[in-house]
Each structure stands twice: as structure tokens, then as C-alpha cells.
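Work through the two exercises below with the model open. Each task is followed by a stepwise solution.

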Amino acid sequence: MIDFTSTPIMLTLILGAVGVLIPVINVARKEKGSSVYGAITLGALLAAIGFVIYQIITKHVTQSAIFSSNVLVDDKFGSFFAIAMLIVGIMTTVGSFSYMRKRANPAVYYSLILLASVGMVLIAYSTDLVMLFIAWELMSIPTYVLAGYLKKDPSSNEAAIKYFLFGALSSGIIIYGISIAYGLTGSTNIEQVIAGFSKLGPDMMPLAILAVGMFIAGFGFKIGLVPFHMWLPDAYEGAPPTIAALLAAGTKKAGFAAALRVIIMGAIALNLHWAFALAVIAIVTMTIGNLAAIKQRNLTRMLAYSSIGQAGYILIGLSVAPISPIGIQASLFHILNHSVMKASTFIAVAGIVTTLGVTHIEKIKGLGKRMPITALGLTISLLALAGVPPLNGFWSKLMLFGSAIDAGHTLWWAPYLAVAGVLNSALSLAYYGWIIRKMYFEDGESNKRLQEPKSVIAVMIFSIIFIVGIGIYPDPVIAFAKSAVPIMSGLPVIH
Amino acid sequence: MNILPFDFISGLGDLRVWAIWILPFIAALIIPAVGKASKRATGYVAVAFALASAISVLTLLPSALSNHEIHNQIPWISSIGLKAGVLADPLAVIMSNVVAWISFLIFVYSTGYMKGDKDLTRFFFWMAFFLGSMQLIVLSDNFLQLFFGWEGVGLASYALVGFWYKDKKKDHVGIEGRHVLGLMDYYSPTHSGMKAFIMTKVGDIMMLAGMFLIFAFAGTFGFRELTTNTSWATAMAAQHLLIPAAVLLFGGAIGKSAQFPLNEWLLEAMTGPTAVSALIHAATMVKAGVFLVARLAPLFFALAAIGINMDQFFEVIAWVGAITALLLATQGMVHPEIKKVLAYSTGSQIGYMMMALGVAGLSKQFVDGYTAGFFHLISHAMFKASLFMAAGSVLHIVGSRFMTDMGGLRKYMKKTYIFMWAAGLGLMGAPFITTGFWSKDAIFAAVYQSGNTWALPLFAIAVVTAVITAFYTTRMIGLVFFGNKSKHIEELEKAGHHVHEASPSMWVPYGILAVLTIGVGVMGLAFEHQIHDLFVNYLGSTFGIKSDVSAVAMGGSQQLLGGFLEGVNPLALMASLAAFAIGFGLGYVFYIGRFADPVKFVNSNIFFYAIHKFFLNRWYLNAMIYWGFVVAPLYVARGLYKYFENIVLEGFNVVPEKTMAGGARIMQATQTGVSQSYLYIFGVGILIVVFLLLI
């Protein structure tokens with residue numbers, strides 16, 4: 001029944017075993033010092049990503065099929081997300097080396113990162129609602145703890161409580177959605193649920209719609225869709241910035257993975273005007289995220305709002321998915337890009353916090369001279385987030401907006417998504433540019449070069465190479481994203 | 001899924017071609033690391049990589065001379081059908097050789113010239129980057145990739161022109177305290193770097209517009225794809241967009257090659273180290289524009305076969321070239337700074353090349369003008385690099401940029417003196433023994449024989465410019481090496497600094513080029529015929545441009561010479577000889593023989609005085625550009641700010657600002673931090689979503 005050589009099972013075994021072992025090692029080991037646990041975690045994550053890539057290259061992975069009679073499927077769609085999330089996991093782990101040096105309980109910290117990674121990866125591979133929910137909780141519970149990791153810091157505690165409160169609520173809502181779906185169709189397998197949905201009589205339709213609405217709310221909470229986003233800035237701000245990187249770049253993408261598997265497919269089956277609903281949410285989300293970011297004075301908070309705005313861009317691709325063939329491809333591409341860009345910005349902030357102990361925007365004046373590599377990495381990531389050519393964010397945004405314009409042949413409102421996206425990108429440049437201006441064009445308290453944390457430098461160099469490299473030669477990644485798009489033939493498609 | 005698809009590897013094809021431009025970039029990448037260990041080593045790394053790149057391009061030369069073309073493509077962004085590629089046809093390979101070898105010599109020279117500078121790492125980083133970008137331009141097979149190199153060259157020139165960013169007084173150009181139309185004629189390195197960047201950017205934007213205009217119709221950026229399928233040209237011509245697009249593309253060349261009216265940045269670009277000036281003027285930056293025109297001219301000319309007339313485009317090129325040639329030559333006559341004289345001369349000579357390429361498109365024998373322009377590019381690259389490096393040596397040793405601070409140096413710097421004569425004779429076009437003579441003669445002949453309505457005025461301008469060129473070159477050599485020692489040198493000697501010859505790492509590179517100027521010059525005519533034959537084949541096979549190589553057709557109505565001077569147009573030859581004789585003679589009288597004092601001569605007559613001042617003030621063009629595009633906009637901006645912004649925007653139109661701020665404030669107000677209200681909004685959100693799904 002269970003194929004132990006399939007990618008999701010192997011990943012669970014690798015990451016889960018190491019994640020469970022680390023606290024044991026901590027008990028057995030007398031010396032203190034966090035670097036050992038970080039190194040073990042990094043090793044496990046590298047092994048995991050290596051395995052995923054190996055599986056793809058040796059073609060052990062099936063084409064992207066949304067359905068399977070099993071609870072897990074070993075397909076390219078899942079592998080694409082697995083790679084994105086494992087990259088985020090690696091960046092977070094490496095970025096944490098310096099951040100965790102002086103802090104308590106490193107073993108638990110790294111172990112939780114690994115367990116959260118298992119959850120994120122499994123979400124992407126799940127084809128059963130119950131499996132999906134278990135993976136969802138496996139991802140969420142460690143992150144609740146991680147958000148409240150600084151236990152003496154009240155804002156970290158508040159962040160954890162808010163995050164947990166909303167997490168619990170959204171879990172309840174997802175369960176509610178699953179139970180309705182089960183009640184209507186008698187199955188929790190996504191394939192059978194969708195098949196069942198498409199055969200529903202008109203009197204049962206409102207219930208199915210309610211289920212989809214519940215899924216949007218439940219998964220939208222992690223993604224940070226407006227109006228389910230309220231907890232997000234508070235939680236990101238209070239959590240350690242490295243964990244904010246994991247939340248913004250990792251768990252958010254897991255939300256998208258779930259949304260793609262469940263909402264899009266379910267909604268297509270229901271033949272709803274869901275595309276319009278998602279489009280409205282997309283525009284509201286990006287506008288509110290960017291508008292609110294402008295007023296922020298705190299870097300983590302500004303980046304939190306910016307990630308809300310970015311979720312809006314990604315949603316463009318999803319909302320035009322059934323009409324434009326490049327919609328989901330563009331979304332996947334932007335998801336991968338955003339993972340790296342956002343993780344890199346938060347790790348840069350973590351580096352600033354470790355070195356200077358500040359996150360206020362007025363305090364980072366002159367950072368270009370004081371921490372040149374961090375500042376450069378942050379600048380390039382911000383420019384990529386804004387979509388400045390020739391960085392990777394430019395290409396994925398171009399594809400997203402292109403897909404919206406492409407869909408304009410069928411849906412009259414689709415091009416307005418592109419218009420909103422372009423206007424929002426311009427709006428976002430205002431605050432990204434502001435950060436860059438503070439770092440380079442205003443003089444800080446001193447111009448003395450500070451010792452930058454080595455692990456942060458490593459992450460910065462990786463992300464610069466990734467961002468610029470894909471910006472110059474995006475083709476392989478675009479091709480990979482294309483191959484990861486789920487095959488939608490056989491589904492009823494609205495026009 | 002293939003991360004590195006097979007066609008990527010196989011598409012690379014001939015790796016030598018890629019190596020030519022990738023090697024300098026690799027050098028640029030490792031130079032900062034090397035610089036940590038040893039600053040001096042950065043120079044050797046740059047030289048080694050330049051040599052490796054030069055050797056790999058030399059190996060391509062034999063096949064290119066037999067009109068063999070290497071065209072390799074790899075997928076770049078296949079979702080929009082873009083490919084990256086290298087195109088090593090005869091044009092690119094010859095150009096690439098010129099760039100590679102001259103840059104190599106300049107790199108060698110730089111190791112001596114920049115010795116002891118604090119920022120060697122930065123210097124060689126940008127030099128290598130410069131070379132890589134230029135080779136990328138030359139070997140690109142499409143516009144977009146070329147544009148990457150184009151911008152790289154612009155960036156590197158900005159960084160190198162403003163290299164001495166501390167703006168010390170000795171690094172400025174111009175005469176302190178001199179004013180033209182109320183504006184200072186004195187520029188700092190950082191100002192000049194910015195000026196070069198902005199002025200060339202004007203051209204770049206035009207070029208970008210032209211590029212995308214063509215892309216919109218053709219759906220490709222590839223040069224070969226544009227040649228094989230010309231339906232785009234028909235479509236564009238039908239909408240009267242073809243000539244504007246072509247002229248916009250030429251705008252890029254105008255900016256990069258410092259042609260009228262974007263010529264003014266070139267003079268201030270002299271604030272960079274002299275090695276940089278040599279690189280910009282002989283091998284890289286300004287030649288990029290000529291190369292672009294040489295790339296495009298056959299493509300557009302070949303459209304005549306499908307009945308599209310591109311005469312207007314070529315007229316623009318020819319006239320821009322002619323105006324620049326004359327304009328800058330006249331200014332070169334009067335300037336006191338040695339590097340600026342050479343800079344004027346570069347702009348002027350580039351004007352010749354443009355004129356030849358433009359005239360090529362206006363005549364039936366396209367290949368004549370094309371060969372002449374490209375031949376002049378090669379010969380100019382040799383003697384101008386040599387002249388710049390020699391001038392750099394003189395500057396280095398005398399410690400002043402003014403020729404009036406030199407004088408009488410021939411006894412002290414014998415080698416430099418001889419080499420400067422050799423290279424200078426090339427620039428003057430000394431008969432029969434220099435490359436400059438043959439290439440200039442070829443241009444004269446091409447212009448004269450073109451049979452175009454503009455042939456005579458263009459020919460006249462070309463000849464007058466040649467006279468002036470011979471004159472200012474003689475003046476420069478006379479002022480530097482002849483006469484008595486200047487006060488400045490006497491002071492130097494009193495202070496214990498003796499004027500001496502430059503070090504071998506400096507004089508060897510320019511010596512080689514000076515010897516080449518004469519050496520190739522002796523065989524110049526044979527050399528020219530060689531290129532001519534090659535281009536006849538190349539243009540015929542690649543673009544389908546047929547050339548009639550019989551003597552009658554080549555000469556037009558003129559009877560060409562035979563024997564030793566086979567194929568030379570007698571009238572052009574006479575004009576070349578006369579121009580050299582007059583220019584050199586005048587220069588000899590004033591500056592070498594010193595039979596008359598030029599200062600007294602100019603002041604003796606109000607007409608001469610006025611014209612001298614007019615030339616010295618650069619025809620007032622620079623001042624006008626500053627007034628029109630810098631000073632006036634600043635006034636307008638200040639005025640706008642004072643009256644419009646303050647009163648109108650602040651007073652009445654607060655709506656957009658207030659709504660934005662208000663919107664942001666509402667966002668902030670909802671974000672209370674109170675969990676109850678968050679949960680409330682969450683709940684309302686679910687209702688809204690379900691509602692949205694129902695409509």
C-alpha cells in the first residue's frame with residue numbers, strides 16, 4: 001500500500017526522523033552550543049531537497065495529476081512546492097545560525113523547523129482532505145510554538161497567541177468545510193469529492209458553495225488574503241524575524257498549495273463564478289497590503305504587509321486559471337520567486353536585528369556602509385519584489401499580468417487585474433524605494449563597517465545569485481513551473 | 001524536466017566564440033577576490049584574461065577571412081521565443097580582433113600607468129567589465145543581447161570616467177575660471193562621468209524604442225532572422241514606421257559614438273585615467289556605435305531588393321557624420337589640452353566612418369563605402385590608441401594636461417617622440433606609408449564616386465576636415481615636442497623632477513601600434529583590397545547585396561589608376577595629397593618651424609580672433625545644451641515648485657494626497673491589535689466570500 005520509495009514518504013522519514021532525534025541528542029549531549037543542531041538540520045534539509053531533485057531527474061515522479069486514489073501522490077506539482085519550501089527551510093536554518101547563537105533551547109527550535117517543513121511538504125503532496133488537514137496541523141503547530149519562541153518578550157507571546165487563536169479558528173473552519181464535503185459526497189478523497197460536487201442537485205448546491213467558501217477562508221488565513229489577514233502583521237512582527245521568514249515564505253506557500261488542490265479544482269467542478277470572487281479578493285488584497293505597508297515604520301511589519309500584497313499578485317494567476325493556460329504556471333513561478341525574495345528580506349532583517357538590535361526604519365540609515373552585503377542583498381530582494389527587470393520578480397510578474405490580459409478575451413474584467421497589479425507594483429516601489437533610500441542615501445550614526453553575521457551573508461549571497469541568475473536565465477524554472485501545472489483536462493471548464 | 005536541456009549544451013557550439021566575451025567577465029568576477037590578496041596582481045589577472053580572450057578570437061580569424069560564419073544559439077527565455085546567441089561573421093570577427101588586441105595592449109599599458117594607485121582593484125574590475133561588454137556587443141546575434149552589452153559599456157564608462165571620484169583639481173578638465181555664456185567651462189570627474197552617462201542614455205532610449213518597434217513587427221530580435229524574413233519591413237514601410245525606427249536605432253549609435261548633437265560628453269570624458277580614454281576612443285565605447293551601424297546598414301540596404309527605399313536613413317547617417325567630422329575638427333585646432341585635442345579628433349574621425357557608411361547606402365556600390373568606413377575604423381583604432389597612450393605618458397611625466405606646459409620634449413622622450421610622429425602621421429594621413437592615408441583616401445573615393453546628389457558637398461567637407469586634421473595634429477606634436485621648454489618644466493626641474501622617458505610597460509604597447517600604423521600602411525592598398533574582396537563575398541552571400549567589381553563600375557564616370565596604385569581614384573588621391581600638404585605645411589610654419597607666432601597671428605585680426613573664440617567655445621553647443629537641458633529645467637523646476645507646487649498643489653489639490661494618506665490611516669485604524677475585532681472581521685469575511693461565490 002505505502003510505497004516507501006515515493007518522494008513524500010521518504011521526505012517525511014528523512015525530515016521527521018531527524019526532527020525527532022535532535023531533542024534526544026540535546027538531552028544526551030552535555031555541552032551547550034547551538035551550531036551542532038543547526039548543522040544537523042541543514043544536513044537533513046539538503047538531503048531532502050537533493051532527494052526531490054534526484055527523483056525528478058530520474059523521472060520517478062509522475063506528471064502533475066491533481067487526483068489519486070491514494071492519500072498522497074508523488075507528482076511534479078508536489079515536488080515543485082517541496083523544492084520551494086525546502087529552499088525556504090534551508091534559508092531559515094542558515095539564517096538562524098547567528099540569530100540563535102545566544103538564545104535558549106536551540107535543539108527544540110531547529111527540530112520544530114524540521115517538523116514544520118514535513119507538514120509543508122506533505123500538504124503539497126496530499127490528495128485526500130483528511131491527509132491534507134493532518135499535514136496542515138503538522139505544519140501549523142510547530143509554527144505556533146516558534147512564533148512565541150522569545151518567551152520573555154511580550155510581543156512574541158502576543159504574536160503566538162493571536163496566531164494560535166486564528167490558526168485554531170481556521171482549522172475549525174477547514175474541518176467544517178471537510179465535513180460538509182464528506183456529508184455531500186461520502187468521501188474525503190479530493191477526486192471523489194469533486195466528482196460528487198459536479199453531480200449535485202440544485203438543492204444541495206448552496207451547501208457545496210458553503211464548503212468552498214469555508215476552504216477559501218480557512219486556507220486564505222495562512223495565505224494572508226484580505227479580510228483574513230488581520231493576525232498576520234502582528235504575528236510576523238512579534239515572532240523572531242527568522243520565523244517570520246518561515247511563515248511568510250514557507251507556510252504561506254503551503255496555503256497556496258492547498259488552495260490550488262482544493263479550491264480551484266472544487267470550484268471548477270461546481271461551475272461557479274468563483275473566478276470573479278477570487279479576482280475581487282486579489283485586487284482588495286494587493287491594494288490593502290500595499291497601502292498599509294506605506295504607513296509602516298517597522299521593517300518586519302512593512303514586509304508583512306508587502307507579503308499580503310504579493311499574495312494578491314499570486315491570486316491573479318489562480319483566478320484566471322481556467323481561461324488562460326499560463327495562469328497557474330505564472331502563479332507557481334511567482335510562488336517560487338517570492339519564497340526566495342521574501343525569505344531573503346526577513347533573514348536580512350534578522351541580520352540587522354542581531355547586529356544592531358533594531359527594526360525601525362529610521363534606525364537603518366546608512367546601512368549601505370555599515371553592513372554592505374546585507375544591504376545589497378536586501379536591496380536586490382526588494383527590487384525583485386517590486387518587479388524591476390532583469391530580476392526574477394520581473395519575469396513572474398510579467399507572466400502573471402500577461403495571463404490576466406490573455407484572459408481578457410473571455411472575461412471582460414480580467415485585464416483590470418493586470419492594471420491593478422501594475423498600479424500596485426508602482427505603489428509598492430514607494431516603500432521599497434524608501435527602505436533603499438534610507439540605507440544608501442542617508443547618513444547613519446556612523447559609517448564604520450560592522451561585523452556582519454556570516455550565516456546571513458551566506459543567505460544573502462545565495463539569494464542574490466538566485467534572483468539575478470533566474471532574472472538573466474529564467475527559462476529552466478519557467479519550464480519546470482510549466483511541467484508542474486496540474487492537468488485539468490476532464491474537468492468541466494467554465495467560459 | 002531538464003534543468004539544463006540538451007539543446008542548451010549542443011546550442012553552445014563553438015566555445016571559442018563564447019569565451020571571447022565571457023573570459024573578461026570572469027576576470028571581472030575574480031579581480032575583487034585577487035585584490036584582497038595583492039592589488040598589483042589584479043592588473044596581471046586582467047592582462048592574462050584579455051590575452052586569453054584575444055587569442056581565442058585570433059583563432060577565428062582564418063575561417064572568417066574565407067567568409068565562414070559561426071552562428072550558435074542557446075535557448076534563453078523560450079516562453080517568449082528569445083534565444084541568446086553568438087554570431088561570428090567576418091564583420092564581427094575582424095571587429096572583435098581589433099577590440100581584443102588593442103584592449104590587450106592598453107591593459108598592459110595600464111599596469112604601468114596606474115602603478116601605485118590606491119584603487120587598482122576597482123580600476124581593473126571595470127576595465128575587464130568594459131572589455132567583456134564590448135565583446136558582447138560585437139558578438140551578439142540579436143538586439144536584446146547587444147543591448148545588455150551596450151548598457152554594460154555605458155555603466156563601465158560612467159565608473160571609469162569618474163574614476164578619480166575625489167574630484168581633485170588636477171583631475172578636472174577645462175580651464176578653471178573660464179566661462180562660456182555664463183557657464184563654467186571646467187568639469188570634475190564625477191560630473192563628467194554623470195554627463196557621459198546621461199547623454200549616452202538619451203541615445204540608448206532612442207535605440208530601445210527602435211528595437212522594440214522592430215520587434216513589434218518582426219517578433220524577433222535576431223539579426224539573421226531579420227535578414228532572412230523581411231515581411232516585417234514591408235509591414236513597417238506600409239505604415240511609414242520603418243525609417244523612423246531605423247533612425248531611432250541610429251540614435252543609439254549617435255549617443256555612444258559621440259556624434260552631433262550628442263557629441264559633448266566625449267570631451268569631458270577626458271577626466272578618466274588616460275588608459276581609459278585610450279580604451280574608450282580606440283577599442284570600445286565610441287566604436288560600438290560605428291559597429292552598430294555597420295551591423296545594420298547592410299540589413300537595411302538589402303531591403304532595396306524588395307522595393308523599400310531607405311535613402312533618407314542613409315542620408316541622416318552621412319550628414320550626421322559629415323557635420324560631426326567638421327565640427328569637432330575645427331574645435332580640435334584651438335584647444336590647449338592635449339587629451340581634449342585627441343578627443344575632438346576621435347569624434348571627427350568617427351564622423352568620417354559614419355559618413356562612409358551612410359554614403360555606402362546612397363550609392364550603387366554599397367561595398368565601397370562599407371569597406372572604406374570599416375577600414376578607417378581599423379586604422380583609427382591603431383593610431384588613436386597609440387596616440388592616447390603616448391599622450392598619457394607625456395601627461396604622466398610632465399604632470400599637466402596643458403600643451404602650453406610642455407614643449408621641447410623631443411630630447412627627453414625620444415621613443416615617445418618617434419612613436420607619436422608615426423601615429424600622428426597616421427592621423428594626418430601622410431601619403432603612401434600610413435594606414436590613415438589609405439583609409440581616408442578610400443572614404444574620399446567612396447564619397448566622390450557615390451553618384452549621389454550630396455556627393456559634392458560631402459566630399460568638400462571631407463577634404464576640408466582632412467586639411468584641419470593634418471593641421472591640428474602637427475600643432476599638437478609641435479607644441480609638445482618642439483620649441484623651448486615651458487616654464488612649467490623648468491619649475492619641475494628646479495624642484496628636482498627630471499623629465500625622462502616612460503617605462504617599457506608603457507612605451508612598448510604604443511610603440512607596437514605606432515609601428516603597425518606604418519607597417520600596415522606601407523601595404524595599405526593591398527590590405528584594403530583584401531577587406532574589399534572579403535566584404536564583396538560577405539555582403540553577397542549573407543545579405544544578397546551584389547557588387548560589380550569591374551574597374552569601370554567601381555570608378556563610376558572616373559578612370560581609375562593602374563599599376564602600383566591599382567584601383568585608386570585619381571581625384572580622391574589628389575585631394576588626399578593636397579589636404580595633407582596644406583594642413584601639414586600650415587602646422588609646420590606655426591608650430592614646428594615657428595616662423596610665425598600663432599597667438600599674435602590670431603590677435604592681429606578681429607575676424608581670426610572671433611573665429612578662434614568661436615571654436616574654443618565649442619561653437620557654443622555645449623553651453624547651449626547646458627542652458628537648455630540643465631540650467632533652464634532647474635529654473636523651471638524651482639519655479640514650478642515655488643508657484644505650482646506650493647500654491648496649486650498644496651493649496652487646492654490636496655485630494656489625492658489626503659485620500660492616500662486617509663486610506664492608509666483607515667487601514668491602520670482597523671489594525672487595532674485587538675483580537676476580538678480581528679475575529680469579527682474574519683467572520684464577516686467568510687460571509688462576503690460566500691456571497692461573492694453566489695453572485
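## Exercise 1: a helix pair in chain B

In this predicted model, α14(B) passes α17(B) in a left-handed crossing.

**Task.** Find how the axes of α14(B) and α17(B) are oriented, and which residues make the contact.

**Solution.** 

1. Start with the general rule: a packed pair of helices is described by the angle and the distance between the axes.
2. Take the two helices. α14 of chain B covers residues 285-301, and α17 of chain B covers residues 366-398.
3. Read the geometry. Their axes come within 11 Å and cross at roughly 165°.
4. Classify the angle. Angles over 145 degrees count as roughly antiparallel, so α14(B) is roughly antiparallel to α17(B).
5. List the contact. α14(B) supplies Lys287(B), Val290(B), Ala294(B), Ala297(B) and Phe301(B). α17(B) supplies Phe366(B), Tyr370(B), Gly373(B), Phe374(B), Leu377(B) and Ala381(B).
6. Nine are nonpolar, one is polar and one is charged.

## Exercise 2: a helix in chain A

**Task.** Describe the span of α15(A), its burial and its packing partners.

**Solution.** 

1. Check the length. α15 of chain A runs over residues 372-386, which is 15 residues. From first C-alpha to last it reaches 21 Å, close to the 21 Å expected at 1.5 Å a residue.
2. Count burial. 12 of the 15 residues are buried, so α15(A) is largely enclosed by the rest of the structure. Among them are Thr374(A), Gly377(A), Ile380(A) and Leu383(A).
3. Name the partners. The buried residues of α15(A) pack against α12, α13, α14, α16, α17 and α18 of chain A.
4. Inspect the end. Just after α15(A), Gly387(A) takes a positive phi of about 85°.

Conventions: Residues numbered from 1 in each chain as written. Chains lettered and ligands numbered in written order. Predicted model: local features only at pLDDT ≥ 70, side-chain atom pairs only at ≥ 80, totals over all residues. Helix = DSSP H or I, 4+ residues; strand = E, 2+ residues; numbered from the N terminus. Expected span 1.5 Å × (residues − 1). Buried ≥ 20, exposed ≤ 12 C-beta atoms within 10 Å, placed from the backbone. Contact = placed C-beta atoms within 7 Å. Axes fitted to C-alpha atoms, helices over the stretch in contact; angles between N-to-C directions. Parallel < 35°, antiparallel > 145°, perpendicular 65-115°, else oblique. Left-handed = near helix turned anticlockwise from the far one by under 90°. Nonpolar A, V, L, I, M, F, W, Y, C, P; charged D, E, K, R; others polar.
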